[in-house]
Amino acid sequence: MSPTVLKRPPAVSASPKAVKNNKPPPVTGAILYGCAHIRTLLSGPRESKTKLYYTGATRVVFDPTRTVAQSCIKCDCRFKITRTLLCMQCPNVHCPSDAKAHSTDIGHMFGIDSRSGHVYCFLCEDFIYDPTLEEIRMEREASVEGNPRKRRRTDDHRPSPEDLKYIETNTTTAPCRATGLRGFLNMGSTCFMSVVLQSLIHNPLVRNFYLSDGHKPKECTQTNCMSCAMDEVFSEFFATDKVDGFGLVNLLTSSWKCEQALAGYQQQDAHEYLQFLLNQLHITNGGNADTKEDPCKCIIHKSFYGKLQSDVTCEGCANVTTAYDPVMDLSLDLRIKAKKKANVLLDGAEPTMQTLQECLERFTSSEKLGVDIYNCKNCQGQQGQSASKQLTVKQLPPVLCIQLKRFEHPSSGPSKIDHKIRFPMQLDMTPYTTRARRKTISKLAPDGVSKITSRPSGLYLYDLLSVVVHKGQISSGHYVSYSRENGQWFRFDDSMVTLASEKEVLGVQAYLLFYVVRNLS
């Protein structure tokens, strides 16, 4: 069955980035409706009924003696002090999650905030300002606050002619379809750039940083600034509702000027470009030069920074030497030593499929060090002292990037490991943390997965966010990626964006995996 080509992204909210256009499209005439969707209720035969519903809802909202406005008819939250939404097309009241489900199931697109009376559009996924409804809201608010002598005049709330002129001049149309679901034009073996950028575009932390003016190109004085080029990408992807491929001219030329090894149209490694891009974004967003002494507060370190703990134990005197290494990603070996297990990745052999958890277990398991590698300070003068080394994750980042080391460069020539690795949609990192290793000694189960007796913590649970796939041989090939947006998976192949199923994502030959922590708060 051929994939479904994404003709138009689903209608969701306009991004705050929309107001950052250098030349916003002018809005002619006065603002008549809050959005294109509310117009369907206020410009036809349903106008009077809509106003009647809204008037009744605001009466409930601003009456402090009522409890109905704080009650969800579906779930048991009658007396909880939470924000609920009153449907503007039927008498139902829901909590935010049930209100969204009600909108999807019934097709009622608007909810009224039970605290303020403002209107929320589920298609725009944002609160809207509609002059007609706002006038009703202000009049109702003024009529229920205190006795008539203490009522606030509604004229105090209405914008002045100067305010209206300012609003009209500085208002841009809200593109409800600007969701970032857009591809990149291949400008000559630039697919390695496209997949890395797609993973950042759909990274909630990086996306929110750029959409909230985290980097201001107009105030930036840096030459060949990669962050300015990234800001342009976010502006194009979230400020317009275009679905055609975007040309990475500025980002490509800035990459060439910042790193001569990238100049030209040769295929590059996506992981190496990710490391280069993260470093450039760290530098151009006020990152610290020495992150060991002073933790960096740039958006890159806030998103990807983690820390490994290395414990080297002398087998002679049991002395433990501990060191800490900052990391932006985890690089996991896919080959297993022949003396360890039978499913070794050998040329011409078909091994049993490994899991990501098995790769993480090997990464954090203890290994023997040669006698010439480690010198114990407590065993000075003794020759041939052996030791063991173990890595654990001391600090997990909000966004966990994992590289599966598929490319090898032995003396016989470069090669690629094509075997699939089974990876989960939800990843529990508890067994691989320093804290878990201290609490209990991990025991390998028959399937090779470490079993920890402690229950998983919300801080250690991750959800799959993006997957980068390399197809072909090491000398020639093509990159594609998968990213999750609003609970739906999409496949990005240069400028082509198609819907993807969860089964398709879990069956690909992953090269880079991006997991986001479940509890971002």
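Reader: Why is I474 called partly exposed?

Author: Buried means under 20% relative accessible area and exposed means over 50%, with partly exposed in between (1.4 Å probe, protein chains only). I474 has a relative accessible area of 27%, so it counts as partly exposed. This is a predicted model, where local features need pLDDT of at least 70, side-chain atom pairs count only at pLDDT 80 or more, and totals for chains, interfaces and linings use all residues. Residues are numbered from 1 along each chain as its sequence is written, and side-chain values use heavy atoms, leaving out hydrogens and water.

Reader: Where does I474 lie?

Author: You'll find I474 in the loop between β19 (461-472) and β20 (477-485). Strands here are DSSP runs of E with at least two residues, helices are runs of H or I with at least four, and both are numbered from the N terminus. On that basis the chain has 14 helices and 23 strands.

Reader: What makes the largest nonpolar core a core?

Author: A nonpolar core is a set of buried Ala, Val, Leu, Ile, Met, Phe, Trp, Tyr and Cys residues joined through side-chain atoms within 4.5 Å. In this chain the largest such set has 47 residues, and L251, A270, Y273 and Y479 have the most contacts inside it. Helix α6 (residues 191-201) gives the most, with 8 residues. There's also a second, separate core of 37 residues, including L308 and V480.

Reader: Which residues is A270 in contact with, leaving aside its neighbours within four places in sequence?

Author: Contact means heavy atoms within 4.5 Å. For A270 the list is F192, V195, V196, V468, Y479, Y511 and L512. Across the chain, 67% of contacts between residues at least 6 apart in sequence join residues at least 24 apart.

Reader: How do you know that β3 and β4 pair?

Author: Two strands pair if DSSP finds at least two bridges between them. Strand β3 (residues 110-113) and strand β4 (residues 119-121) have 3 bridges, in the antiparallel sense, so they pass. G111 stands opposite Y120 in β4.

Reader: What makes β2 and β5 edge strands?

Author: Each of them, β2 (93-94) and β5 (126-128), pairs on one side only. They belong to an open sheet of 5 strands with antiparallel pairing, in the order β2-β1-β3-β4-β5.
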